[in-house]
Amino acid sequence: MNPNNRNGLSRLFYNPTARSLFFQALILGLLLYFVMTIVGNVMTNLNQRGISTGFGFLSQPAGFGISQTLIEYNETFTFGRTFFVGLLNTLLVSFLGVIAATFLGVVVGISRISPNWLLRKISMVYVEILRNIPLLLQIFFWYYVVLQTLPRPRDSLSFGESIFINIRGVFVPKPVPDAGFSFYIALLVAAVVAVVALAIWAKRRMRDTGQQFPVFWTSIAILLGTAVIGFFITGRPIMLDYPELRGLNFRGGITILPELIALWFALTIYTSTYIGEIVRSGIESVSHGQTEACRALGLNEGHRMKLVILPQAMRVMIPPMTSQYLNLTKNSSLATAIGYPDLVSVFAGTTLNQTGQAIEIISMTMLVYLTISLLVSAFMNWFNRRVALVER
């Protein structure tokens, strides 16, 4: 071999950039070969079994009912409709779980560092017990041990002859729009806009003058006052459809399934234990000198927590809380264990069994959870940048 060629190959081999490009190309080639092999084997097996591929099944009639639907649905609707029904049910329980778990977790986290000995120990026991019991067992506990022991419809627990609780769920009055409803909604929207404007004004006022304004209680007064006064001004534009016992079950009103309640409670309690620890660690990460400075300035405990401690702790709390929100959303797929009609149960379960389109259905389900997770991460990252402390 020509010595010049050998020296050129040696220089190329010992060049870091050339080596990195070579190994990246090699790994990419192996990955493509792996994917092509899997796809080829799948297509061969499908052809041997006579299973067709594609998404044409989405336009076929489903032929089965769903116990909870947030949009119009019956047995004559298509499998594509079942996908959206299951997706909305998943989003519903995830949204309710995130809101409730955040509120309860903040309360637990603050209680963990409370000067009150009893409150601090109760919070510690709550966290240490409930976060160490598997989530699936907690779902079973709420569903089978608590909710399945409720009375039958004829012996329902009644609250004011308008709310009924029994083994088949919770039945509450359903609001029905009447004449003047659009104007009433416009008043509520105007009240919300007023509250946002008030919050912006109060923030600027405190920044410029240092004077605080009771935004929270004023906002509550504006919203409640608009809701109550506007209700009568517009001629009571909302009627209530009360549930009534007809035969063996209640008809009318809104039915909250026991499966939804059990799943919501379990997700909320389980996730709140982790959020509580995140809040506790975030608060304790703030220097104790900040607390002493607040007391020296005469700030009470509420102002100290709201204006000094929590704003600094947020930069520590938000990233791990994002992970908990993602975990809660993905853990909602355990709903299939008790029959709650979420995306996994309705679409990746019943629809898959009836159509046999496993590849398409599982791919769509995985893509949905991936999309939800990416959207939640993007929102929390944006929020994290908004609340981050800016160095001067």
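User: Where is serine 162 in this one?
Analyst: In this predicted model, serine 162 sits in the loop that runs between strand S1 (157-159) and strand S2 (163-166).

User: Buried or exposed, that serine 162?
Analyst: Serine 162 is buried, because its relative accessible area is 16% and the cut-off for buried is under 20%.

User: And which residues does serine 162 touch?
Analyst: Leaving aside residues up to four places away in sequence, serine 162 touches Phe171, Val172, Pro173, Tyr242 and Pro243.

User: Switching to aromatics, how many pairs are there?
Analyst: The count comes to 18 aromatic pairs. One of them joins phenylalanine 231 and phenylalanine 232, whose ring centres are 5.5 Å apart and whose planes meet at 85°, so this pair is edge-to-face.

User: What about the accessibility of phenylalanine 231?
Analyst: Phenylalanine 231 has a relative accessibility of 22% and therefore counts as partly exposed, given that this class begins where buried, under 20%, ends.

User: How are phenylalanine 379 and tryptophan 382 arranged?
Analyst: Phenylalanine 379 and tryptophan 382 form a tilted aromatic pair, with 5.8 Å from centre to centre and 35° between the planes. Both belong to helix H12 (residues 358-387), and because they are 3 residues apart there, about one helical turn separates them.

User: Which residues do ring pairs link into a cluster?
Analyst: Phe141, Trp142, Trp264 and Phe265 are linked into a cluster by ring pairs.

User: Back to helices: what is the end-to-end distance of H7, and what should it be?
Analyst: Helix H7 covers residues 215-233, and its 19 residues, at 1.5 Å a residue, should span 27 Å. The C-alpha atoms at the ends of helix H7 lie 26 Å apart, which agrees with that expectation.

User: What follows H7?
Analyst: Helix H7 is followed by glycine 235, which has a positive phi, near 80°.

User: Last topic, the nonpolar patch: which residues form it?
Analyst: The nonpolar patch on the surface is formed by Leu28, Leu31, Leu32, Phe34, Val35, Met36, Ile38, Val39, Val42, Met43 and Ile359, which together have about 1,000 Å² of accessible area.

User: Which helix gives the most to the patch?
Analyst: Helix H2 (residues 16-49) gives the most to the nonpolar patch, contributing 10 residues; leucine 28, a member of the patch, lies in helix H2.

Technical notes
Residues are numbered from 1 along each chain as its sequence is written. This is a predicted model: local features need pLDDT of at least 70, side-chain atom pairs count only at pLDDT 80 or more; totals for chains, interfaces and linings use all residues. Side-chain values use heavy atoms; hydrogens and water are left out. Helices (H or I, at least four residues) and strands (E, at least two) are DSSP runs, numbered from the N terminus. The expected span of a helix is 1.5 Å times one less than its number of residues. Patches are made of residues with over 30% relative accessible area and no salt bridge: like charges are joined within 9 Å, nonpolar side chains (Val, Leu, Ile, Met, Phe, Trp, Tyr) within 5 Å. Accessible areas come from the Shrake-Rupley method with a 1.4 Å probe; for residues, only the protein chains shown count as cover. A salt bridge is a side-chain nitrogen of Lys or Arg within 4 Å of a carboxyl oxygen of Asp or Glu. Buried means under 20% relative accessible area, exposed over 50%, partly exposed in between (1.4 Å probe, protein chains only). Contact means heavy atoms within 4.5 Å. Rings of Phe, Tyr and Trp (its six-membered ring) pair if their centres lie within 6.5 Å; planes under 30 degrees apart count as stacked, over 60 as edge-to-face and the rest as tilted.
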